[in-house]
Structure formats: structure tokens, C-alpha cells
Amino acid sequence: MPITEADIEKLAQLAHLEITPEERRAFTPQIAEIVAYVEQLSELDTSQVEPSTGGLTPEGERTDSARDDAVRPSLGQKLALDQAPDPASGHFRVPKVL
Amino acid sequence: MDFLTDDIETLREKFSRGEATAHAAALASLDAAEKLNETLNAFLQIDRAGALRRAEELDAGASASEDQTLAGVPIAVKDNICVRGLQTSCGSRILGPYRAPYSATAVERLNAAGAVVVGKTNCDEFAMGSSNENSAFGPVRNPWDTQRVPGGSSGGSAAAVAAGIVPVALGSETGGSVRQPASLCGITGLKPTYGRISRYGLVAFGSSLDQIGIFGRNARDIGRVLQVVAGRDAQDATTADVPVPDYAAEIGRGLEGARIGVPRELFGEGLDEEVRAAVEAAIEAYRELGAEIVDVELPHAKYCIAVYYIIATAEASSNLARYDGVRYGFRAEDSPELRQMYRRTRDEGFGAEVKRRIMLGTYVLSSGYYDAYYRKAQQVRTLIKQDFLKAFERCDAIATPTTPTVAFLLGEKTDDPLSMYLNDIYTCTANLAGIPGVSAPCGLSGEGLPIGFQLMGPFWSEGTLLRLANIYEQAHPFTARPRVSASSS
């Protein structure tokens with residue numbers, strides 16, 4: 001199914017991206033070309049193939065990654081807020097939601 | 001001091017004979033980094049004060065640093081890996097003035113071994129690119145020809161090692177971002193097994209593919225760095241509980257009847273003739289040295305770019321959702337409402353390639369398309385992995401070109417994303433399968449540009465790959481030097 005400029009606009013909205021009309025015009029044929037390229041996978045019969053759900057090796061899958069549910073040191077409020085564009089009295093301040 | 005000739009071993013000998021100090025090494029590196037940055041744009045931040053302070057501390061405590069295997073070794077770190085107190089921009093505007101409040105585990109381990117971080121290197125934005133032209137802070141230039149790209153996405157780290165600014169550097173790989181620039185810049189690069197090096201403090205792009213990788217002038221230096229950074233880390237659940245071997249001992253061993261597999265179907269269409277000839281000569285060199293060359297088949301390797309650009313973009317669209325102008329980095333001004341703030345921040349903060357990939361990832365994950373694209377790609381990923389497992393029953397390593405061509409011109413592929421993506425056609429299979437790969441230089445093209453070959457091996461075979469690369473280096477030293485380097489005036 002061909003990808004249209006309207007599809008690109010919808011994708012941008014879903015991904016919280018505001019794109020300019022110029023970007024929309026440029027992206028449409030580029031993304032359409034990439035999608036057409038990846039569709040070559042449909043020539044393979046994979047009905048009997050299990051999907052690889054991650055990049056883990058067999059050893060990685062066997063590794064016990066759980067840790068004790070214990071309190072540990074963390075960044076702390078001051079450091080965590082240090083990089084915020086608009087910190088306010090111990091919070092991340094954002095523009096109005098509604 | 002000249003890191004075109006001084007590898008870690010030479011440097012350490014100079015230190016122990018009192019011919020050099022950590023301070024002098026750091027100074028040489030910092031001076032070269034600053035001097036060459038106008039030409040190469042390899043560094044986004046050079047930490048002169050921090051590196052010199054650290055080197056002085058090392059010199060002052062020299063007697064206590066016997067077990068610090070990298071004491072005084074200058075190292076560059078890609079700007080998507082956190083070093084406490086320094087910037088982590090990922091080559092993007094969206095991280096704005098961000099300074100890392102903590103260091104990546106790999107960096108902590110390097111520090112503990114005495115390495116001196118001299119700066120943060122330029123890269124494609126969020127490691128998305130094969131030419132370094134997607135950096136928000138301008139492209140890196142190839143030291144062999146400044147009209148050409150160094151490769152990407154870890155182009156700054158590759159250029160810094162190639163130009164002799166540092167002996168070793170960290171990069172990161174999702175589809176070839178260490179091996180491809182290593183090849184284009186005439187140096188050696190390692191992408192380890194998935195789970196070999198902790199990714200704590202590496203900014204996430206494609207989480208089932210990402211690994212920190214290492215650049216060096218030779219395989220032995222890469223082994224020295226790998227020895228320090230490899231191994232399980234409780235901060236990264238994907239690191240595997242697998243013993244870290246003694247890489248120097250492994251690298252020092254001989255060929256021992258190694259079997260090298262050659263997938264002939266990858267030497268066909270799209271491969272530059274000069275690259276083909278150089279890589280075939282390298283394979284022939286292994287035969288002459290006593291290796292057994294066997295034919296292997298990777299019938300699904302040709303689908304790797306299609307699989308990669310579904311899986312990597314899907315994972316990226318999720319990972320990059322965190323950049324929203326709330327907790328750190330850049331926020332667009334004059335947005336009275338929250339959603340608008342998100343959208344404007346991401347519009348102004350992200351470059352074109354990142355937006356393209358986020359949208360592509362959103363598309364392949366969207367309802368109605370998930371099975372056709374994402375699930376399908378995961379299934380073909382299984383087939384690619386199975387191809388390798390089968391091939392490794394017949395050989396210890398698989399040899400291929402690293403890239404289809406030598407370094408291309410700046411601007412040559414920027415308008416054609418798909419043709420740019422095809423640069424990774426020989427490398428991204430290893431990321432999809434989770435296996436390690438090494439690229440090493442094997443000659444120059446007629447225009448004097450480096451050509452690299454790649455060795456890929458079974459899980460956890462970094463020692464074997466570095467040993468084989470070392471054997472080739474010893475027999476066929478790559479002595480050519482780039483036009484732009486720390487020792488050229």
C-alpha cells in the first residue's frame with residue numbers, strides 16, 4: 001500500500017513530532033522507498049519460524065539478573081533535577097496539560 | 001609522543017623506563033586533538049583540565065599502579081557514552097546542555113585501570129548513520145581525505161585513532177558503527193558479543209542490538225581495553241555471566257589450524273572491485289599462513305538490511321520517546337500547552353534522520369502492521385542467526401568485506417537514505433545474530449583510501465577474532481599513514 005503525505009502526517013502525530021510541510025514532502029517518498037525495500041521479507045515463508053524476541057545469547061538468557069529488592073543509593077533529588085529545563089521546588093515543571 | 005606508532009605496550013614501556021609520563025601522554029593527545037579539530041571535527045568536547053589533572057594524579061601515584069593495565073593511556077569516548085561531568089550530546093541538539101551525572105560502567109572500569117579520558121567524540125545523531133553527516137554539530141572528516149566521510153556512526157572515535165590523537169577509543173555499534181568507520185579510516189575495530197560489555201551509561205538506540213565497541217591501531221591494544229571493560233555488570237541486565245578470558249594469552253597463540261569460512265554469495269553484486277580484490281588477498285594470506293579456507297553459506301544474510309531497519313527503528317522509536325523536554329536537555333520555548341511542548345521540542349531537537357527513523361519505527365509497530373513487519377523481521381532474524389550457527393560448525397571465523405566501498409565523498413549519499421543504509425550490508429548481520437566481529441585494514445585503493453576486511457565468530461569468540469586479526473597484522477603490517485595526523489604539520 002503506497003504511503004501518502006497524510007500517512008506521514010499521522011505518523012508524526014503518533015510519534016509526537018511536529019514536522020514542516022517541506023519535511024513531509026521529503027520524508028514521504030523516502031519512507032515509502034524504505035518500506036518497499038523491507039517488504040522483500042514477504043518472499044520468505046516464515047510460518048514455522050520462531051521470532052527472535054531479543055538479542056540475548058543462550059548464556060545471557062541463563063544469567064540471573066534479578067537482585068535483592070533492597071534500598072540502594074540513587075542519584076537523589078538534587079542531581080536528578082539538576083538537568084531539568086524547568087525545575088521548581090523539587091518537581092519537574094511542565095506547561096499546562098489541559 | 002606519537003600515537004601513530006606508540007601503541008599501549010610501547011607507551012607503557014616508556015612510562016616504566018621513565019622516558020614518558022602520563023602527563024606528557026595526555027598533553028600530546030590533547031594538543032593533537034585541539035590542533036586537528038578544525039580540520040577533522042572529531043571531538044565535541046576536549047577535557048584538557050580534567051585529563052591533565054587525572055594524569056598528574058597517576059604520575060604522583062605511579063608506584064601503586066602496577067595492576068593498572070591502562071595507566072596513563074589516553075582514550076577518547078564517543079559522545080553517547082556517559083563520562084561524569086562531561087557532556088553527553090549524542091550528536092543531537094535535543095540533549096542541549098546535558099552533563100552526565102554518572103559514568104558508564106565501561107568508563108568506570110577504564111578509569112579504575114588508569115586510562116585518561118581526553119574527550120568526547122563526534123557521532124551521527126543518536127548513532128543513526130553511516131557517514132557521521134547526521135551529527136547536529138557538523139560532520140567528521142576522514143583523515144585520509146578530508147573531502148570524504150570517516151564512516152559512522154562512531155566517526156569521531158575512528159578519526160581520532162586514525163589520526164594518532166589517541167591510541168584507543170570507545171564507540172558503539174547497532175549495525176556496524178564501529179567496524180564500518182574502522183574500515184574507512186584504516187584502523188582496527190571490534191564489536192563484541194551482545195552482553196560482553198556493560199551498556200550502563202550508553203544511550204540506548206536499538207536495545208536488542210546495541211553494544212559498546214573498541215577502536216585501536218592493532219588487535220592487541222583492543223584486547224587490552226576489552227580485558228578491562230568486559231564482563232557482567234549488575235547495572236546492565238543484558239550482560240551475561242560468562243567468564244572473561246585472558247585476551248593477551250589468547251591473542252598470543254598461533255593459527256593452530258584455524259578454519260576460515262568464506263560466504264561467496266556476499267562477494268557479488270554491489271561490492272567494489274578493488275575492495276573485493278583486497279579482501280580476497282587477505283583471505284589468501286590466511287591460507288598461505290596455514291589456515292584452512294572453507295566455503296560457507298549465509299543464505300539469509302541478504303535480508304539483513306531489511307530486517308535491521310525494521311527492528312532498529314522500532315526499538316529506536318520507543319527508546320527515543322524519553323526525549324520530551326521535561327527531565328533534561330533542551331525544551332522548545334513558547335509552548336503554552338504540554339503536547340505542543342513535546343512536539344516542538346522534538347521537532348527542533350531532532351535532526352531529519354532521527355525523525356525519519358522514529359516515524360519508520362512507529363509505522364512498523366502500528367496496529368495492523370505489526371505482524372507484517374516487526375514480527376516478520378524477528379522471524380527472519382532467527383533465520384540469520386541459524387545460518388551463522390550452522391556455518392560455525394564448519395569454521396572458527398567467517399571472513400567478508402567490512403564495507404562495499406572505500407570512504408565516499410561528503411554529501412554523496414545524504415539525499416538517499418536507502419543507499420546510505422546499504423553501507424551496513426556486511427556488518428549488521430553480526431548485530432542481528434548477537435555475535436562478535438572485527439574489522440582490520442588490508443590495503444589501500446588506487447586513490448590511497450583504506451580497505452578493511454571483517455572476521456565474525458561464534459558467541460564469546462573475541463579472543464579468537466583478535467588472535468586471527470593479530471596474525472594477519474604481524475604477517476602484513478599496515479604501515480600506510482593518513483594525510484592528516486598528529487605528526488603531520
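Biologist: Why does B:N132 count as buried?

Modeller: B:N132 has 33 C-beta neighbours inside 10 Å. A residue is buried if 20 or more other C-beta atoms lie within 10 Å of its own, exposed if 12 or fewer, and partly exposed in between, with C-beta atoms placed from the backbone. So B:N132 counts as buried. This is a predicted model, by the way: local features need pLDDT of at least 70, side-chain atom pairs count only at pLDDT 80 or more, and totals for chains, interfaces and linings use all residues. Residues are numbered from 1 along each chain as its sequence is written, while chains are lettered from A and ligands numbered from 1 in the order in which they are written.

Biologist: Where does B:N132 lie, and what is its phi?

Modeller: B:N132 sits in the loop between β3 and α5 of chain B. Its phi is positive, about 70°, although B:N132 is not a glycine. Helices (H or I, at least four residues) and strands (E, at least two) are DSSP runs, numbered from the N terminus. That loop also holds B:S153, and the peptide bond from B:G152 to B:S153 is cis, with omega near 10°.

Biologist: And B:D334, is that one buried or exposed?

Modeller: Exposed: B:D334 has 8 other C-beta atoms within 10 Å. B:D334 lies in the loop between α10 and α11 of chain B, and there too phi is positive, about 55°, although the residue is not a glycine.

Biologist: Why is α9(B) called roughly perpendicular to α16(B)?

Modeller: α9 (residues 273-289) and α16 (residues 462-475) of chain B pack at an angle of about 90°, with their axes 11 Å apart. Axes are lines fitted to C-alpha atoms, for helices over the stretch in contact, and angles run from 0 to 180 degrees between N-to-C directions. Angles under 35 degrees count as roughly parallel, over 145 as roughly antiparallel, 65 to 115 as roughly perpendicular and the rest as oblique. So α9(B) is roughly perpendicular to α16(B).

Biologist: Which residues meet there?

Modeller: B:A282, B:A285, B:Y286 and B:L289 of α9(B) meet B:I471, B:Y472 and B:A475 of α16(B). Two residues are in contact if their C-beta atoms, placed from the backbone, lie within 7 Å. By class, that contact has seven nonpolar, no polar and no charged residues. Ala, Val, Leu, Ile, Met, Phe, Trp, Tyr, Cys and Pro count as nonpolar, Asp, Glu, Lys and Arg as charged, and the others, Gly among them, as polar.

Biologist: What makes α1(A) roughly perpendicular to α12(B)?

Modeller: The axes of α1(A), residues 5-14, and α12(B) cross at roughly 95° and come within 9 Å, so α1(A) is roughly perpendicular to α12(B). A:I8, A:L11, A:A12 and A:L14 touch B:M359, B:T362 and B:Y363.

Biologist: How do you know that chain A is more spread out than a compact globule?

Modeller: Chain A has four helices and two strands. Its radius of gyration, taken over C-alpha atoms, is 23 Å, well over the 13 Å that the globule rule gives for 98 residues, so chain A is more spread out than a compact globule. That rule is 2.2 Å times the number of residues to the power 0.38. Buried residues make up 18% of chain A.
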